[in-house]
Amino acid sequence: MTEVALEIRSVSKRFGRIVANDNISLSVGKGEIVALLGENGAGKTTLMNILFGHYVPDQGSVTVLGQELPHGSPRAAIQAGVGMVHQHFSLAPNLTVLENVMTGTQNLWSVRSETAKAREKLLALSERFGLQVSPEARLGDLSVGEQQRVEILKALYNDARILVLDEPTAVLTNIEAARMFATLKDMARQGLSLIFISHKLDEVMATADRIFVLRDGKSVAERKVGDTNKAELAELMVGRQVTRPVRDASNPGSVVFQAENISIIRDGIERLKSVGFYLREGEILGVIGVSGNGQADLAQLLSGTARRNGGTMNIFGEAVGDLSVAQTIALGIGRIPEDRNHEGAIGEMAIWENAILERLGEYSSKGFVDRKKGMAFAKRVVDEFDVRGGGPSSRTRLLSGGNMQKMILGRNLVEPKRILVAAQPARGLDEGAVAAVHERILEARRKGAAVLLISEDLDEVMALADRIQAIVGGRLSPPVQAEKTDSRQLGLMMSGEWSGVEEADAL
Amino acid sequence: MSEVFDILTSAGLWAAVLRIATPLIFGTLGALLCERSGVLNLGIEGIMTFGAMIGWLAVYNGADLWTGLLVAAICGGIFGFLHSVLTVTLGLSQHVSGLGVTLFASSFSYYVFRLMVPVAGTPPTVEPFQPVDIPLLTSLPFFGDAFFSQTAPTYVAIVTAVVLAYVIFRTPLGLAIRMTGENPHAAEAQGINPLAVRYGCVIAGSALMGVAGAFLTLSAFNSFFPTMVQGRGWICIALVVFASWKPSRALLGALLFSFFDGFQVRLQTVLSGSVPYQLFLMMPYILSIAALAFMARHARVPQALMKPFRRGER
């Protein structure tokens, strides 16, 4: 057994009647990577907030390098060598990288900031761990991946020996995530101890040495990575067997949407470059690609929020101009936006209000909102789509991500739709919710909807889509039949290599 | 045209610019410090009024002039404390609380003034600050009269701007203040107490506002009227935006506004008769709005400005 860097002993924490942590113990050795696996709401973040002194536990103790930490003091945790990389970064976009890193590291009453010394230390750390940053850059100008590097460097700058990362890949693209995990492994080799919180089985299996599984606030299992597998972990995490739904054979109907040579220029940049695709009834077209390659504009094209700079569109056999949002709704196009918190729902409003907002005209009479009718509709959404955590009149903000997504799906699919646009529908959801969302999308397909699925998750696209096109730098590859492709070929297509692609049957 | 040239080359204009600018410099720096930590302080108009009254009253009752300024600063700090309790601890709307402080402090000034000073035909006066004689510089032709025959608080104002710029951009404390104004949660994660930083900044900033007011009764004039601040506080709030939250630019902005103001007063006498003088009164404000619109478009507002900080909430 290697030297123990961190030990958490029988920690419990209650919030009102909810038990967030129930008698949890775990330990991390020096140079070890430990994963804390659990669904949303399992108590992972609470436990780490106790470790970092943000919360005071009801009982239990935290020992770092043989020294017990006082409860509720972030300062003591920092000084003992605990560094935390939050899921939502604790950074100031208007300050420079160096300023973000050195805040609070000097006595506040010194008469001069030791900027030169700080820059040297930062550059040395960035060199040692391969985390490239430029100290003078304004933080807000950096990409999300670079910002995370700054967040990690900030912890290292405080001489952290134990680094806690809360869902580090939630905001990263696949490539950035792979690079980050390589860095983490390198850090562990250099003697740092790492805890990372996750609900993604792949990254846990690929990176961790040991895995602790939390469920409903309890520690349910501890496994060495060699002694377990994804299926077992999934079952431990959810508490029952979860299987993602399986797509049955496709039986496409007629073409309901066709786009040719579409170009979109936004902010002076050509986001879509002469792309073409079509959607058929009862079929899912998967568009795979790393975020930021034009997916957003593709989704907007069908959602009525984009203006074309060229190209033609046909819906149900008729040529159409730029769609307005009202038109897309009237045409029966269902939309699941990429960012459910900002575009999909208004957190401060009730579930029933969110459910009817996009079709307010149908739910009002004589200039007044027909509350009864709206509530009845929301009740159907909640019941039929199994939205848990609130009734029609509770505030939408209180729903978990998965349940909010089910509400958005429900409001689109309670009445069958002819076209459904789903942009990153399962992003950030836990295993149980992913299965539920996938099931609903497949159900829409069975009922004859033409689905455009935009995703950067290879597994998701391979599981759901009948035809697949890759999007790279605003260009779409020709479509391939899902049965005739594999992850290797799709990976190549995602990097822009599609010369040898065997096209799916042309129209 | 030659009249305009005469005005611009008169030492009197430039001396007036510095004098008019002094309360604006103090007030703008005070508001700037509050906002850098994330708290908008609309109490400024009332705090300046109270500072003008209490500073004057102290001197009227026998204190010396510097003690008068100090008393004004302390009372400004007390109103700052009140504003902090409401906006930082209780997390109430900073607009509403600030306007409340302004209304309360203004009326309270008049109340105290009437309690302490009997009604009289001509308001009582004190002996104000006198211009400082600086060896060599004051005796320079033109420049001596234009720039080096000011009262001591004017020089203090300029030094304060330089000191505040240094503190904000060159010290660990300044970085902590800026971080608190940008993202108090990040500041907390680095072991800084954002609540304490905000209290400190609002109290110190309000003290500067108190001094700004006291300058009016102890240097620019020698007596107190309840309406004498005349919207200078609001000008300061605008100047903070004009200055993009930078003390050096705050100094520049205050001087620019004062230049317009000093210039229009003199222009009135030259062009009186042909143009109604009210038109000139509007001029500095119109030019300020134009300058503000031009300068502030690219300003980077402190991201946490007007957002209350609560532990454990995001």
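Colleague: In which hand, left or right, does α2(B) pass α7(B)?
Modeller: Happy to look at that crossing in this predicted model. The residues of the α2(B) contact with α7(B) divide into 14 nonpolar, three polar and one charged. As for the hand in which α2(B) passes α7(B), the crossing is left-handed.

Colleague: Are α2(B) and α7(B) roughly parallel or roughly antiparallel to each other?
Modeller: Two packed helices are described by the angle between their axes and the distance between the axes. Here helix α2 (residues 11-36) and helix α7 (residues 152-170) of chain B have axes 9 Å apart, at an angle of about 25°. Angles under 35 degrees count as roughly parallel. The two helices, α2(B) and α7(B), are therefore roughly parallel.

Colleague: Nice! What area is buried between domain 2 and domain 3 of chain A?
Modeller: The domain assignment gives 243-332 + 417-507 as domain 2 of chain A and 347-411 as domain 3. Their C-alpha centres lie 27 Å apart, and the contact takes ten residues from domain 2 and ten residues from domain 3. Carbon and sulfur atoms give 70% of the area buried between these two domains, which is about 740 Å².

Colleague: And between the chains, which residues of chain A lose the most area to chain B?
Modeller: Good one to finish on. In the contact, 32 residues of chain A meet 22 residues of chain B. The two chains bury about 2300 Å² between them, 57% of it on carbon and sulfur atoms. Together giving 25% of what the chain A side buries, the residues that lose the most area to chain B are A:Asn94, A:Thr103 and A:Leu108.

Notes: Residues numbered from 1 in each chain as written. Chains lettered and ligands numbered in written order. Predicted model: local features only at pLDDT ≥ 70, side-chain atom pairs only at ≥ 80, totals over all residues. Heavy atoms only, no water. Axes fitted to C-alpha atoms, helices over the stretch in contact; angles between N-to-C directions. Helix = DSSP H or I, 4+ residues; strand = E, 2+ residues; numbered from the N terminus. Parallel < 35°, antiparallel > 145°, perpendicular 65-115°, else oblique. Left-handed = near helix turned anticlockwise from the far one by under 90°. Nonpolar A, V, L, I, M, F, W, Y, C, P; charged D, E, K, R; others polar. Domains from an automatic or database assignment. Contact = heavy atoms within 4.5 Å. Buried area = accessible area lost by both parts, 1.4 Å probe.
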